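Have a look at the sequence and the fold before reading on.

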Amino acid sequence: MPRIVIVGGGAGGLELATKLGKKLGKRHLAQIILVDSSTTHIWKPLLHEVAAGTLDSNHDALPYLFYANHHHFEFCLGTLDGLDRMNKTIKLASIQDEARQEVVPDRNISYDILVLSVGSSVNDFATPGVKEHCFFLDRRSQSNYFHQAFIQNLLRLAHQKNESKQLPFTIAVVGGGATGVELIAELHYSLTQLTHCGLRINPEDVSLILIEAAERILAPLHPTISNMVSKDLQSKQITLHVSTRVCNVTSSGLYTQLNEFIPANMIVWSAGIKAPDVLAMLDNLEVNRNNQLLVKQTLQTTLDETIFAFGDCASCPQGDNTFVPARAQAAHQQASFLVRALGAYLKKKPLPLYWYNDYGSLISLGQHNSVGHVLTKNKIMKGKIARFAYWSLYKMHQTALHGAWRVALFTIANILSGGKKQRVKLH
Ligand SMILES: Cc1cc2nc3c(=O)[nH]c(=O)nc-3n(C[C@H](O)[C@H](O)[C@H](O)COP(=O)(O)OP(=O)(O)OC[C@H]3O[C@@H](n4cnc5c(N)ncnc54)[C@H](O)[C@@H]3O)c2cc1C
């Protein structure tokens, strides 16, 4: 029985493991193994909501081990650390506890087909001070860490206000792409909710700043969307700095290319992405300067046809000098494509080619509002309709994992219990 090893159980990898488990694993046509460095899955586009406290990550996290057991694949906890193409094995790093004691030694896993879907993390572009002084939202633990610091700072601020010793407090988000915009809007929503619920500060006690190097925020999207979103953020008293490149970060703020100093108490870095460094050390597989693996339109890596890569960690050409964007929408489509492609590969048939279908972009501006365009109708959407379309992206991911009936039942149960839920998590 051929063994298919998938490394990375994120937006794309977990959907692929689920579908292959159903198609091949259940009928013992292939052994499917999913490897991930974390014990639980959470859909990455929710991480800004975890950071702002508007989503409790415990509710939406999925434990891989139990999930795999019910979906005809195996789960292996581990971090990819090397590849031996000649012997068709991957190396997983040893697992250590918090005191750095070894729990499980490093191991090798053999494969017949290897699929890499290890995602990406934020790119600091080697800017001095970023690693030391910034928060990141690449992992659930990082979002939880930001959330705790956010709540602690608000409690400190409320106490200072009580004692009439209030100091200015600023949160700066670097990177005016979709992630940065969604985070700052969500933080504003969270602040509004907390103050309505009795925390003794006003939303204007916290300055929110969004800093973008390009001439406008959301530069890859249509200028109309950038304008609409800028106006919405400014109406919330969020300060926008565009054409502003951050060159240095300190514990008390950031310096721009003009050597202007912007004071900030908390700084989140969300400017650009790069794939994990380990990909540049995988037995000479080709990568670009962002460490993304070069793949053909079949999603096979350029130098090894038994190794596939997709999602944020792959650079996939589209035949018109463009590349598939690093988005959850692309990872979702590629997972479905790979189910067909791997089926053809196992039957030694020619592989199909992957073409990205862009269904548009939606930007969430807090819990009740979104803005975006949907390309099939080439229309700009806003407000509750756009919010509903944004929410349906997550429902598509959940449907791929749990099936339509279960998701419908979860959703109804959620709506029915909604009135009892706290709006912002405080712990
Ligand atoms: C805050 C935020 C908001 C976003 N909002 C949107 C949005 O609204 N719409 C949209 O389309 N996109 C959005 N994105 C981008 C989207 O999340 C990614 O494009 C998508 O998750 C990519 O899927 P993936 O499967 O390639 O990687 P991921 O979902 O990142 O999954 C990678 C997996 O690999 C695992 N892994 C990493 N390294 C290793 C290793 N060495 N060994 C083993 N396992 C490893 C990780 O634990 C993870 O489970 C957002 C991103 C962020 C951070």
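## Domains

Keep in mind that this is a predicted model.

## Nonpolar cores

Which residues touch the most other members of the largest nonpolar core? That core has 57 residues, and the answer is Ile4, Ile90 and Val115. Helix H9 (residues 328-346) puts in the largest share, seven residues.

Take isoleucine 4 as a way in. Once you leave aside neighbours within four places in sequence, its contacts are Leu20, Leu24, Ala30, Gln31, Ile32, Ile33, Ile113, Val115, Leu342 and Leu346. There's also another core lying apart from this one, with 38 residues, including Ala149, Ile151, Leu208 and Ile217.

## Where domain 1 meets domain 3

The contact draws on 19 residues from domain 1 and 12 residues from domain 3. Together the two domains bury about 1,200 Å², and carbon and sulfur atoms give 57% of that. On the domain 1 side, Glu15, Trp43 and His332 lose the most area to domain 3, together 34% of what that side buries.

How many salt bridges and polar pairs cross this interface? The rule finds zero salt bridges, but it does pick up four residue pairs in polar contact, with both residues at pLDDT 80 or more. As for secondary structure, helix H1 (13-25) and helix H2 (47-52) each bring at least two residues to the side of domain 1 that touches domain 3. H1 has the largest share of that side, four residues.

## Two positive phi angles

Most residues other than glycine have a negative phi. Alanine 126 isn't a glycine, yet its phi is positive, about 55 degrees. You'll find alanine 126 in the loop between strand S12 (121-122) and helix H5 (130-133). Is alanine 126 buried or exposed? Its relative accessibility is 68%, so it counts as exposed.

Asparagine 321 is another non-glycine with a positive phi, about 65 degrees here. Asparagine 321 belongs to the loop between strand S24 (314-315) and H9. With 77% relative accessibility, asparagine 321 counts as exposed too.

Conventions:
Residues numbered from 1 in each chain as written. Predicted model: local features only at pLDDT ≥ 70, side-chain atom pairs only at ≥ 80, totals over all residues. Heavy atoms only, no water. Core = buried A, V, L, I, M, F, W, Y, C linked by side-chain atoms within 4.5 Å. Buried < 20%, exposed > 50% of the residue type's maximum accessible area, 1.4 Å probe, protein only. Contact = heavy atoms within 4.5 Å. Buried area = accessible area lost by both parts, 1.4 Å probe. Salt bridge = Lys/Arg side-chain N within 4 Å of Asp/Glu carboxyl O. Polar contact = N/O pair within 3.5 Å; in protein donor to acceptor, adjacent residues only side chain to side chain.
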